[in-house]
Amino acid sequence: MSIEVQHISKHFGSFTALQDVSLRVDTGELVALLGPSGSGKTTLLRIISGLEAPDAGSGQILLHEEDVSKQHVGRRRVGFVFQHYALFRHMTVFKNVAFGMRVRPRRERPSRKEIREKVDQLLKLVQLDWLAHRYPAQLSGGQRQRVALARALAIEPKVLLLDEPFGALDAKTRQELRRWLRRLHRELHVTSVLVTHDQEEALEVADRVVIMNAGRIEQTGTPEEVFHKPASEFVMNFLGHVNIFHGRVEGDKAILGPLEIQYAGQYQASTRPARGLVRPYDLDLELRSNGKPGFRATVRHINSAGPRVKVELTAASGEPVHVELPHDRFQALKLVPGAEVFVVPRDINVFIDEG
């Protein structure tokens, strides 16, 4: 069951939540909508579900090539999982999952036996069959979220929409549920759209990532594409920590703060303002210049707790610089606060002002 959004816009008064957004999610695909607060990702999800209407005349919502733009939310067969579970406190886990089937019109309602078998099947699928007769207050946050997912799947949705489903959980539980959701999706192949502001979550779970900013789509691609080949400065800056060096491109050189590198871009005949973005782990440290492009800096602070050593430095020009090193490299350098080193970039992305 594919999803297609064609030229959708949405305004709330003078605020533009979505501006001419188009997107296709193929059958069986899990797509993550990723972006900061206010970027339009939840509004887009609600418009797909039918909980929100787009601006009049702005475009269409297609489910499996059928225009459902004017269909009521109840007719779209969409499963929706919210951040805060939205479980019925007075109902057991079993009754929560069965609810969507029991409230169907009589002619569409399964028999009691069919409902019981379906609920048992779903609770086994989400590994909670042993909690069928407990109430939501007796469950952990991760267990409640799995119940909410089972309830969404009970109505056999054409598509599954998840709005920050793990946002209210602690970091360890979120990590466990991300892996669990990925495995579940491989089993079910339900076309799914996940809204998140957590970069790690989107990159780990999704088949494709849609990065949104100010009501527009900045880039769409596989997790590898958006991370390693960012289409814009915003995308690279949003997907993890970066060092930003301000400067300019002159001819075939990029002069970026303390750094000067060869630049084979499309503006070799002119001078333009530019910025160089480089991730902390794409910077190396040397005790002396090795002839490669780099700059002198002073070590200010070292944090060796974690999988990589984080080194804070100040360039001779006064700019702060953050470097992440493998532990063996750090030990070989024998760094201490106050040490003078050379910072050498292995990879740097140059973004030029188009004005």
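This is a predicted model: local features need pLDDT of at least 70, side-chain atom pairs count only at pLDDT 80 or more; totals for chains, interfaces and linings use all residues.
**Entry 1: helix 1 and its end**

I started with helix 1, which is mostly covered, with seven of its nine residues buried. I listed the buried ones as Lys 41, Thr 43, Leu 44, Leu 45, Ile 47, Ile 48 and Ser 49.

Next I looked up which backbone atom the side chain of Ser 49 reaches. I found the backbone nitrogen of Leu 51, at 3.1 Å. Leaving out residues up to four places away in sequence, I noted that Ser 49 touches Val 73, Arg 76, Val 78, Phe 80 and Leu 161. Just after helix 1, I saw that Gly 50 has a positive phi of about 100 degrees.

**Entry 2: helix 2**

Then I moved on to helix 2, residues 93–102. I found helix 2 mostly covered too, with seven of its 10 residues buried. Those are Val 93, Phe 94, Asn 96, Val 97, Ala 98, Gly 100 and Met 101.

What do the buried residues of helix 2 pack against? I traced them to helix 3 (112–125) and helix 4 (141–154).

**Entry 3: the nonpolar cores**

I wanted to know which members of the largest nonpolar core touch the most other members. Out of 45 residues, I wrote down Val 97, Val 119, Leu 123, Leu 149 and Leu 160. Helix 4 gives the most to this core, with seven residues. Apart from this core I found another, of 29 residues, including Val 249, Val 311, Ala 315 and Val 343.

A reminder to myself: in soluble globular proteins, nonpolar side chains tend to be buried together.

I took a second look at Leu 160 and its contacts, not counting residues up to four places away in sequence. Leu 160 touches Gly 79, Val 81, Leu 149, Ala 152, Leu 153, Val 190, Thr 191, Ser 192 and Val 193.

For the largest pocket I noted a volume of about 730 Å³. I counted 23 lining residues, with Val 73, Gly 74, Val 78, Gly 100 and Ile 155 lying nearest its centre. Two of these names were already in my notes: Val 73 and Val 78 are among the contacts of Ser 49. Gly 100 was there as well, as one of the buried residues of helix 2.

Which elements give two or more residues to this lining? They are strand 6 (78–81), helix 2 and helix 4. Strand 6 gives the most, with four residues.

I listed its lining as Gln 199, Glu 200, Leu 203, Phe 227, Leu 239, Gly 240, His 241, Arg 279, Pro 280, Tyr 281 and Glu 324. Helix 6 (residues 199–205) gives the most here, with three residues. This lining divides into five nonpolar, three polar and three charged residues.

**Entry 4: the cavities**

How many cavities of 30 Å³ or more are there? I got two.

The largest cavity holds about 80 Å³ of space. Around it I found Leu 30, Leu 149, Leu 153, Leu 160, Leu 162, Leu 181, Leu 184, His 185, Leu 188, Val 190 and Ser 192. Helix 4, strand 7 (159–163) and helix 5 (171–188) are the elements that give two or more residues to this lining. Helix 5 gives the most, with four residues. I put nine of the lining residues down as nonpolar, two as polar and none as charged.

The second largest cavity has a volume of about 40 Å³. Its lining consists of Val 81, Gln 145, Arg 146, Leu 149, Leu 162, Pro 165, Phe 166, Leu 177 and Trp 180. I sorted the lining into seven nonpolar, one polar and one charged residue.

**Entry 5: a name that kept coming back**

Leu 149 is one of the core members that touch the most others. Leu 149 also lines the largest cavity and the second largest cavity, and it is among the contacts of Leu 160.

Definitions and conventions:
Residues are numbered from 1 along each chain as its sequence is written. Side-chain values use heavy atoms; hydrogens and water are left out. Buried means under 20% relative accessible area, exposed over 50%, partly exposed in between (1.4 Å probe, protein chains only). Contact means heavy atoms within 4.5 Å. A polar contact is a pair of N or O atoms within 3.5 Å; within protein, one must be able to donate a hydrogen and the other to accept it, and residues adjacent in sequence count only if both atoms are side-chain atoms. A nonpolar core is a set of buried Ala, Val, Leu, Ile, Met, Phe, Trp, Tyr and Cys residues joined through side-chain atoms within 4.5 Å. On a 1 Å grid over the protein atoms alone, a cavity is a set of points where a 1.4 Å probe fits but cannot get out, and a pocket is an open set with protein on both sides within 12 Å along at least five of seven lines; lining residues have an atom within 4 Å of a point. Grid points are joined across faces, edges and corners, and a volume is the space filled by probe spheres set on the points. Ala, Val, Leu, Ile, Met, Phe, Trp, Tyr, Cys and Pro count as nonpolar, Asp, Glu, Lys and Arg as charged, and the others, Gly among them, as polar.
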